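Keep the picture open while you go through the points.

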Amino acid sequence: MDMQTGWNENRALLRGTAAAEPVLSHETHGVVYETFPLAVRRLSGSEDRVNVLVPRALLEQRPVTEGMELEVEGEVRSFNNKSGKGSRLVITVLARSVAPGIGEPCNQVFLQGTLCKPPVLRQTP
């Protein structure tokens, strides 16, 4: 959070195609979340798949089906998945709104703050 403005600058705006139907992810604090991959085009024309996590209540207002063009606005979330061999960074967009994806791609991510621990707090095994 920016101490001067009180604004947390963690926003993502993505336009792409739902690459699969939403499926149950988890429930926490009484909120049920579903997830689906969003196929997003890069400037080079290559395609990335970004995991979108969305509250079920939002999906009830705006159902998502595979192949649907969407605009997703939300926040970037990440965690280290330590299951399996080694650690793997998993990046997800927590959707705050989902709308029809009309127009040219306008993929934007705004992050402000510390992305990793400062050197004085890092530990090497």
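Let's start with Arg41: at 47% relative accessibility, this residue counts as partly exposed. (Buried means under 20% relative accessible area, exposed means over 50%, and partly exposed is in between, using a 1.4 Å probe and protein chains only.) Bear in mind that this is a predicted model, where local features need pLDDT of at least 70, side-chain atom pairs count only at pLDDT 80 or more, and totals for chains, interfaces and linings use all residues. Residues are numbered from 1 along each chain as its sequence is written, and side-chain values use heavy atoms, with hydrogens and water left out.

**Salt bridges**

- Arg41 has a partner: its side chain meets that of Glu47 in a salt bridge, at 4.0 Å from N to O. (A salt bridge is a side-chain nitrogen of Lys or Arg within 4 Å of a carboxyl oxygen of Asp or Glu.)
- Glu47 is partly exposed too, because its relative accessibility is 40%.
- How many salt bridges does the structure hold? There are 6 of them.
- Arg15 pairs with Glu71, and their closest N and O atoms are 2.5 Å apart. Arg15 lies in strand S1 and Glu71 in strand S5, so this pair ties together parts that are 56 residues apart in sequence.
- Glu34 forms a salt bridge with Arg56, with 2.7 Å between the closest N and O atoms. This one links distant parts of the chain, since Glu34 sits in strand S3 and Arg56 in helix H1, 22 residues apart.
- Is Glu34 buried or exposed? Glu34 is buried, at a relative accessible area of 12%, while Arg56 is partly exposed at 31%.
- Glu75, Arg77 and Arg96 are linked in a network of salt bridges.
- As background, side chains of opposite charge can pair when their charged atoms come close.

**The overall layout**

- The chain's secondary structure comes to 1 helix and 7 strands. (Helices, H or I with at least four residues, and strands, E with at least two, are DSSP runs numbered from the N terminus.)
- Reading along the sequence, you get the pattern β-β-β-β-α-β-β-β.
- The chain has 125 residues, and buried ones make up 30% of them.
- Take the contacts with a separation of 6 or more: residues 24 or more positions apart account for 55% of these. (Contact means heavy atoms within 4.5 Å.)
- The accessible surface of the chain comes to about 9000 Å², with 53% belonging to carbon and sulfur atoms. (Accessible areas come from the Shrake-Rupley method with a 1.4 Å probe; for residues, only the protein chains shown count as cover.)

**How the strands pair**

- S3 and S4 run antiparallel and are joined by 9 bridges. (Two strands pair if DSSP finds at least two bridges between them.)
- These two strands form a hairpin with 5 residues between them, and Gly45 in the turn has a positive phi of about 100 degrees.
- Which residue in S4 is the bridge partner of Glu34? The partner is Val54.
- S4 and S6 run parallel, with 3 bridges joining them. Here Leu53 has Leu94 in S6 as its bridge partner.

**The nonpolar core and other buried spots**

- The largest nonpolar core has 18 residues, and Phe36, Leu38 and Leu70 touch the most other members. (A nonpolar core is a set of buried Ala, Val, Leu, Ile, Met, Phe, Trp, Tyr and Cys residues joined through side-chain atoms within 4.5 Å.)
- Several elements each supply at least two residues of this core, including strand S1 (10-18), helix H1 (56-61) and strand S5 (69-81).
- Not counting residues up to four places away in sequence, Leu70 touches a list of residues that includes Leu14, Phe36, Val64 and Val98.
- Val54, in strand S4, counts as buried because its relative accessibility is 0%.
- Val54 and Ser25 are 29 residues apart in sequence, yet 9.1 Å apart in space, C-alpha to C-alpha.
- Thr92 is found in strand S6 and is buried at 14% relative accessibility.

- His29 is found in the loop between strand S2 (23-28) and S3, and it is exposed, with a relative accessible area of 80%.
- Phi of His29 is near 50 degrees, a positive value in a residue other than glycine. For comparison, most residues other than glycine have a negative phi.
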